[in-house]
Amino acid sequence: MTEAQSDNINPHRLRGRRALVTGANGGIGRSIAIRLAREGAAAVAVNYLSRPEVAAELVGEIEAWGAKGLAAQADIADEAQVDEMFKRIAEEFGGLDILVNNAGMETHHPFLKMPLDAWRKVLDVNLTGAFLCAQRAARLMTEAKTGGAIVNISSVHTVIPWGGYAHYCASKAALDMLTKNIALELASEKVRVNSLAPGAIATPINEDVWGDPEGLRDLLRKIPSERIGQTEEIAACVAFLCSDEASYVTGAILFVDGGMTLYPEFRHGG
Ligand code: BGC
């Protein structure tokens with residue numbers, strides 16, 4: 001077993017918890033949804049935008065791990081659709097203990113040419129969508145007086161500027177500040193809110209880079225661990241942040257990036 005495949009599951013860690021993972025139809029979100037089910041969650045809702053057959057298959061996998069599954073179609077940037085999704089979750093799960101704001105998107109536009117609609121779309125999904133879901137989730141958690149855990153999936157690009165992705169970087173930096181604000185406001189209500197900032201993880205979002213030998217070589221130069229991360233390595237850390245083992249962790253930003261944020265070009269001194 002390689003480091004990347006290590007599979008240290010604790011099937012009791014999230015016992016009884018009810019969770020929602022946004023953008024769960026692939027990549028990091030899919031691994032998180034499965035991980036939460038495998039760590040004992042009672043119910044996992046998978047939010048998705050398109051490809052209902054993929055969501056249905058994921059729900060089947062979640063149920064095979066013993067959790068109740070729910071496929072929740074919604075555009076998270078649309079308030080009415082988010083309200084409808086949370087209504088269904090409240091009815092079917094009777095409440096919510098965990099929200100993972102994972103849904104996100106990126107498109108490439110040099111700054112001088114970035115159209116306003118591309119800027120708006122990325123901010124709408126990555127930031128406003130996370131706001132809408134966090135607010136609805138936090139209302140359920142505080143009304144029930146049970147508290148809960150919210151994890152926002154940000155990025156190394158919350159601190160590393162990235163040419164052609166001004167909208168994406170701005171959305172992730174703002175998301176981390178949103179994490180801190182909600183954490184501050186809701187700590188006394190026992191709602192913990194943290195960000196998890198992945199580096200280069202092999203998913204369809206960046207396949208054009210790691211799928212190309214030249215692109216992969218260039219990418220690996222930016223990662224001190226000299227390998228691309230796996231979605232399971234993100235999911236494991238999300239499960240930790242959602243669990244009672246992280247009971248005193250709130251407002252934190254956890255980088256899970258193989259050292260990408262450590263100024264790799266300085267690794268040999270000079
Ligand atoms: C992006 C990926 C990129 C990685 C490292 C992530 O936030 O979604 O496309 O490979 O950062 O640059």
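**Entry 1: α4 and α5**

I began with a pair of helices, α4 and α5, whose axes come within 9 Å and cross at roughly 15°. I kept in mind throughout that this is a predicted model. Angles under 35 degrees count as roughly parallel, so I wrote down α4 and α5 as roughly parallel to each other. Their crossing is right-handed.

Next I asked myself which residues of α4 meet α5. On the α4 side I found Ala118, Trp119, Val122, Leu123, Asn126, Leu127, Ala130, Phe131, Ala134, Ala138 and Thr142. Their partners in α5 are Ala166, His167, Tyr168, Ala170, Ser171, Lys172, Ala174, Leu175, Leu178, Ile182 and Leu186. I sorted the residues of this contact by class and got 17 nonpolar, 4 polar and 1 charged.

**Entry 2: α5 by itself**

I then checked the length of α5, which runs over residues 166–186. Its 21 residues should span 30 Å at 1.5 Å a residue, and the end C-alpha atoms are 30 Å apart, so the two agree.

Which residues of α5 are buried? My list reads His167, Tyr168, Cys169, Ser171, Lys172, Leu175, Asp176, Leu178, Thr179, Ile182, Ala183 and Leu186. I also looked for what covers them, and the cover includes α4, β5, β6 (191–198) and β7 (253–256).

**Entry 3: Asp176**

Asp176 lies in helix α5. Is Asp176 buried or exposed? Its relative accessibility is 4%, and the cut-off for buried is under 20%, so Asp176 counts as buried.

I set aside the neighbours within four places in sequence and asked what else Asp176 is in contact with. The answer is Ser154, Thr158, Ser195 and Ile253. I also looked up one pair distance: Asp176 and Tyr263 are 87 residues apart in sequence, and their C-alpha atoms are 20 Å apart in space.

**Entry 4: α1**

I moved on to α1, residues 27–38.

How many of the 12 residues of α1 are buried? I counted 9, so this helix is mostly covered. The buried ones are Ile28, Gly29, Ser31, Ile32, Ala33, Ile34, Arg35, Leu36 and Ala37. After α1 comes Gly40, with a positive phi near 100°.

**Entry 5: the partners of α1**

With α2 (residues 52–64), the axes come within 9 Å and cross at roughly 25°. That angle is under 35 degrees, and α1 and α2 are therefore roughly parallel to each other. The crossing is right-handed. Arg30, Ala33, Ile34 and Ala37 of α1 meet Glu57, Leu58, Glu61 and Ile62 of α2. By class I noted 5 nonpolar, no polar and 3 charged residues in this contact.

With α8, the packing angle is about 50° and the axes are 8 Å apart. I put α1 and α8 down as oblique to each other because of that angle. Here too, α1 passes its partner in a right-handed crossing. The α1 side of the contact is Gly27, Ile28, Ser31, Ile32, Arg35 and Leu36, and the α8 side is Thr231, Glu232, Ile234, Ala235, Ala236, Val238 and Ala239. The classes come to 8 nonpolar, 3 polar and 2 charged.

**Entry 6: two loop residues with positive phi**

I finished in the loops. Lys145 sits in the loop between α4 (116–143) and β5 (148–153). Its phi is near 60°, a positive value in a residue other than glycine. Lys145 has a relative accessible area of 74% and is exposed.

Where is Glu226 found? I located Glu226 in the loop between α7 (213–220) and α8 (231–242). Glu226 is not a glycine, yet its phi is positive, about 60°. At 58% relative accessibility, Glu226 counts as exposed.

Note on methods. Residues numbered from 1 in each chain as written. Predicted model: local features only at pLDDT ≥ 70, side-chain atom pairs only at ≥ 80, totals over all residues. Heavy atoms only, no water. Axes fitted to C-alpha atoms, helices over the stretch in contact; angles between N-to-C directions. Helix = DSSP H or I, 4+ residues; strand = E, 2+ residues; numbered from the N terminus. Parallel < 35°, antiparallel > 145°, perpendicular 65-115°, else oblique. Left-handed = near helix turned anticlockwise from the far one by under 90°. Contact = heavy atoms within 4.5 Å. Nonpolar A, V, L, I, M, F, W, Y, C, P; charged D, E, K, R; others polar. Buried < 20%, exposed > 50% of the residue type's maximum accessible area, 1.4 Å probe, protein only. Expected span 1.5 Å × (residues − 1).
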